[in-house]
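Here is a short tour of one part of a protein model. Take a look at the structure, and then we can go through it together.

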Amino acid sequence: MDSIINSALQSGLERALNRKVQAWQPLSGGMISQVLRVVLADGESIVAKVGDGSHDLTIEAYMLRYLRQHSGLPVPAVLHDEANLLLMEFVEGRIQWEGEALRHLGELLARCHQVTSPCYGLERDTLIGPLHQPNPRTASWIGFFREQRLLYMIGIARESGELPAELERRLLRLADQLEGYLYEPAKPALIHGDMWKTNVIARDGRVEAIIDPALYYGHNEMELAYMTLFDGTGPEFFDAYTDQIVIEDGFFRTRRHIYNLYPLLIHLVIFGERFLQPIYESLERVGK
């Protein structure tokens, strides 16, 4: 562990904690901030996220506190937050996207998705990765998904210069026809919003912490769809999840491909043209 610490950061950490810092080392992650494991003088470890001024880390602190208060998900306790500094408890573990850890994750998310709200959205806007995520309170799920997820991110992708005009036209046609594919769930569900394997810390087959939320109240299928994208999840997750919540017919065949247009557009904006082909493939899956 590197014992040479930037004096300004050390001073900031010690001021925030009112404790002495001994050492630090980089941790993985940190798309919108530097992530560090900080060892204090008494040997305790904490996690520090250090921003560069481009994003407000108090938004992440808000989301972690909200999940901790409302969801029952194991999320790290926030120790201190300001615009460019977020301090959290350190949780020992590793990425474990298999077996009993996935089963435990299925149980946890099913309980989280049973937390409801009178409307879709949230009391404030949030972030997903480095991007703004609007959450105006909305009565209709299909309306919310169309305006605040699909059309909003199409606009961001257009502004980024990464979205071909022909592909945009196809996406807009689908946005006009969502009522033919999606349905209104009984109630809005609290979703983590950015649930994939690097955001789950597990140990000995148990989920110890879930990090980096992008939360709002939406359709639980939005979360499940994202979990089938990229590396996907094993059957253990869905077996445990469906012990508590039924997944309606048509999700795997059709709706997940529509919902995954949102994260795919986000990845297109952030990482560029290599995410064009998955968007085309998702549209083809629904005949668009």
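## A polar contact to begin with

Let's start with a pair of side chains: Arg-255 and Glu-221 are joined by a polar contact of 2.7 Å. Please keep in mind that this is a predicted model. The side chain of Arg-255 also reaches a backbone atom, the oxygen of Asp-249, at 2.8 Å.

## Around Arg-255

Arg-255 belongs to helix α8. Is Arg-255 buried or exposed? Its relative accessibility is 6%, so Arg-255 counts as buried, the cut-off for that being under 20%.

Setting aside neighbours within four places in sequence, Arg-255 is in contact with Tyr-181, Leu-182 and Tyr-183, with Glu-221, and with Glu-248, Asp-249 and Gly-250.

## The helix and its cover

Helix α8 spans residues 251-259 and is mostly covered, with 7 of its 9 residues buried.

## Nonpolar cores

Phe-145 is among the residues with the most contacts inside the largest nonpolar core, which has 80 residues; the others are Leu-105, Trp-141, Leu-171, Phe-237, Leu-265 and Ile-279. Apart from this core lies another, of 13 residues, including Leu-9, Leu-17, Val-21 and Ile-46.

Methods
Residues are numbered from 1 along each chain as its sequence is written. This is a predicted model: local features need pLDDT of at least 70, side-chain atom pairs count only at pLDDT 80 or more; totals for chains, interfaces and linings use all residues. Side-chain values use heavy atoms; hydrogens and water are left out. Buried means under 20% relative accessible area, exposed over 50%, partly exposed in between (1.4 Å probe, protein chains only). Helices (H or I, at least four residues) and strands (E, at least two) are DSSP runs, numbered from the N terminus. A nonpolar core is a set of buried Ala, Val, Leu, Ile, Met, Phe, Trp, Tyr and Cys residues joined through side-chain atoms within 4.5 Å. A polar contact is a pair of N or O atoms within 3.5 Å; within protein, one must be able to donate a hydrogen and the other to accept it, and residues adjacent in sequence count only if both atoms are side-chain atoms. Contact means heavy atoms within 4.5 Å.
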